[in-house]
Amino acid sequence: MPMRREDCLDVSKVQPQALNSGYAPGAVARNLSTESRTGGEHLVMELPAGWSLPRGRNEADIDLYVLEGSLDIGGENWMQGCYGYFPAGMAWGQLQTAGGCRLLLFTSRPLAFEEAGDSLADAHVDRHIGRTNTWHLPWVDPMADIVKRSTWKDPDTGQEARPPGVLTKGLRKDDGTKEVIALTALAPGFVDPGTEHHPHNECLYLIAGDCYIGYTFDHKREDVKEDLVLTRDHYIGRPPGVRHGPVCSISGAFWLIYLADYYTGIFGKVDDWEERVNKYFASASFR
Ligand SMILES: [Fe+2]
């Protein structure tokens with residue numbers, strides 16, 4: 001089911017809301033997008049210095065990535081860049097943060113916390129992913145990591161490929177839900193001259209760097225955005241079928257991405273891609 005479309009959301013402009021669903025006072029969250037059927041959300045949660053929460057369970061599956069600061073989970077320190085996955089009904093924590101932190105969360109339904117010592121009997125605790133320090137994972141070719149199918153062909157070999165200059169670190173590749181959570185890096189000077197679209201939700205959070213997107217439009221070309229520029233803490237929520245491209249970056253782009261299925265990319269041509277990309281490279285300064 002589709003995520004709400006967000007083409008270029010400046011997260012700093014989203015109003016933070018208090019988290020009331022069982023959470024200790026002081027926690028706030030900014031909603032980036034919501035999935036229409038399940039109520040699953042993409043959120044940036046902000047926890048103030050000294051905040052804590054007892055051990056408990058959530059009604060939602062939660063992917064958690066530490067954007068900034070650090071969080072203590074059940075006695076383990078999670079520095080920025082740490083990732084983990086907590087299935088619904090599993091007991092985890094307690095949580096505490098000495099200096100405060102900012103977290104990126106992907107949830108399978110609305111958050112609802114209750115204090116508890118033990119997991120529910122039917123919780124999928126086997127799918128839990130513990131603290132993963134993502135800085136130490138190797139970057140790999142997305143074709144060998146998260147890609148199921150791509151219509152882009154390598155001009156030298158004629159083989160199915162992706163425009164060069166992308167690396168990934170798959171963090172959760174779930175054979176049950178089919179979801180993929182991954183870090184993705186676009187090299188400085190990366191250019192993808194065409195548009196792509198996907199038969200699945202594709203959501204991206206820009207952790208650092210810059211990214212230009214020449215066109216974003218739906219399959220009927222009714223809602224067209226041109227010349228979008230994203231910098232750190234911008235977010236894209238794409239339901240299936242939203243065309244996007246050409247894409248380029250001056251300083252490189254470091255994303256955390258959510259795919260509702262393994263990556264399938266369907267590419268299209270853009271006649272004026274070179275003119276658009278050159279205009280961005282000539283005008284924008286990130287040095
Ligand atoms: Fe895409």
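Residues are numbered from 1 along each chain as its sequence is written. Because the model is predicted, local features need pLDDT of at least 70 and side-chain atom pairs count only at pLDDT 80 or more, while totals for chains, interfaces and linings use all residues.

**The two domains**

Select 6–135 of the protein chain for domain 1, then 137–283 for domain 2. These bounds come from an automatic or database domain assignment. The C-alpha centres of domain 1 and domain 2 are 26 Å apart.

**Where they touch**

The contact takes 21 residues from domain 1 and 21 residues from domain 2; two residues are in contact if their C-beta atoms, placed from the backbone, lie within 7 Å.

Stay on domain 1 and colour β1 (6–10), β3 (28–34), β7 (62–69), β10 (82–86), β12 (101–107) and β14 (129–133): each supplies at least two residues of the side that touches domain 2. Strands here are DSSP runs (E, at least two residues), numbered from the N terminus. Which strand gives the largest share of this side? β1 does, with 5 residues.

**An open sheet**

Next, find the open sheet of 4 strands, which run in the order β5-β11-β8-β9 with antiparallel pairing. Two strands pair if DSSP finds at least two bridges between them. At the edges, β5 (52–53) and β9 (76–78) each pair on one side only.

Finish at β8 (residues 71–73), which pairs with β9 in the antiparallel sense over 3 bridges. Select I73 and then E76, its bridge partner in β9.
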